[in-house]
2 protein chains.
Amino acid sequence: MKILLASNNLHKKQEFERLLSSHTISLPSDLGITFDFEEDEPSFTLNALGKAQSLRALVPNEYVILSDDSGLCVDALFGGPGVRTARYGMDVFGRMLQSEERNEFLLKNLRHLKTKEERKAYFVCALAVVFDPYRVFTISESVEGYIANQSSGVKGFGYDPVFVVSEIDKTMAELSDEEKDRYSHRGRASRLLATLLGGMK
Amino acid sequence: MKILLASNNLHKKQEFERLLSSHTISLPSDLGITFDFEEDEPSFTLNALGKAQSLRALVPNEYVILSDDSGLCVDALFGGPGVRTARYGMDVFGRMLQSEERNEFLLKNLRHLKTKEERKAYFVCALAVVFDPYRVFTISESVEGYIANQSSGVKGFGYDPVFVVSEIDKTMAELSDEEKDRYSHRGRASRLLATLLGGMK
């Protein structure tokens, strides 16, 4: 299929090219389309859905629209920062923290919690695929882990250095691309999506 | 999987038992749970999602929650009655029409439209599956058709007698169970769901 990814992020395009390798992935900019979407829905699924639907009308039907929204959900923060993952620690002037500052802010907030169970967290990824108004799929998947006591690893981005994947006891930033695709929320969601698209006639 | 269907409709339970035959289907009433949900979201997907999520917290985790919302979308009615399918033709006192009255009301409203293209319509079915707050799938599928000039066929329910499936030129109410499962919106959505559930580890 010809998939148009509702994103301006070249890094994400490359990740989906790896994860959905039997399809071609384009960005709006490849088609000369300027795309922006305010992610202010109450769930990852609704953000992904809104983003894909808002792009659908602008693009020829030969393209299927794919979008994703993802973030970190910490049990001790009642599932937060959740859909506000990128804005966690934002000050009253709307200044966003850099990744490293944000990770420090998170570690500081959780410093009184000692056990893995108390520091339990999930990375969540929601994907939405819109063919037309009546053919729409969403898949939200997650990976279980806990917040490390300190940053570790240099790969990935965002919260990757402070999120330990329970199943292999490494932070997301310590994983090779191959390991990340196998264990990550986006890898899991994408594999299910590939299965679903493969099941279509 | 043990699937709990967010519905009180025994007929729907039987339909899903046929469509998802490798899983067991229960209704809330089988577990002694009283369930009701107001379907007032702007899309089938959001109705299905809300319905499944509202049941999730009431039920042990060994059950996966499944819900569906479906309806008729007529091009000449700008996609209506859509999510208001069951309330189409409702009077100012909130009195709902019976199926046959509603079908007559629809035929009357479209009487000036002559061609299949002008009378084009879709049956849409959205399914939502909720495992936990972070693992959630939705699938919306449709079947293309047109509104007949008069009712025909005695099977099925709702708009089935006035909706002609383009691919086989029969109304939904003229189809055998087997044909209905093959062509219908709910059949298509359920097959994709079965594929998706089969792809999970």
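Modeller: Buried area is the accessible area, found with a 1.4 Å probe, that two parts lose on being put together, summed over both. In this predicted model, local features need pLDDT of at least 70 and side-chain atom pairs count only at pLDDT 80 or more, while totals for chains, interfaces and linings use all residues. Residues are numbered from 1 along each chain as its sequence is written, chains are lettered from A and ligands numbered from 1 in the order in which they are written, and side-chain values use heavy atoms, with hydrogens and water left out.

With that in hand, chain A and chain B bury about 2,000 Å² between them, and 60% of this area lies on carbon and sulfur atoms. On the side of chain A, Y134(A), L192(A) and L196(A) together supply 32% of the area buried against chain B, more than any other three residues. Counting contacts (heavy atoms within 4.5 Å), one finds 21 residues from chain A and 21 residues from chain B taking part.

The polar side of the meeting can be described next. Seven residue pairs, both residues at pLDDT 80 or more, are in polar contact across the interface of chain A and chain B; a polar contact is a pair of N or O atoms within 3.5 Å, where within protein one must be able to donate a hydrogen and the other to accept it, and residues adjacent in sequence count only if both atoms are side-chain atoms. The side of chain A that touches chain B has, by class, twelve nonpolar, seven polar and two charged residues, where Ala, Val, Leu, Ile, Met, Phe, Trp, Tyr, Cys and Pro count as nonpolar, Asp, Glu, Lys and Arg as charged, and the others, Gly among them, as polar.

Salt bridges (a side-chain nitrogen of Lys or Arg within 4 Å of a carboxyl oxygen of Asp or Glu) between chain A and chain B number two. In one such bridge the side chains of R135(A) and E141(B) meet, at 3.0 Å from N to O. As to which elements take part, α2 (44–56), β5 (120–132), β6 (135–147) and α5 (185–198) of chain A each supply at least two residues of the side that touches chain B, helices (H or I, at least four residues) and strands (E, at least two) being DSSP runs numbered from the N terminus. The largest share of that side, eight residues, comes from β6(A).

The same surface serves both copies, since 100% of the contact residues of chain A recur in chain B.
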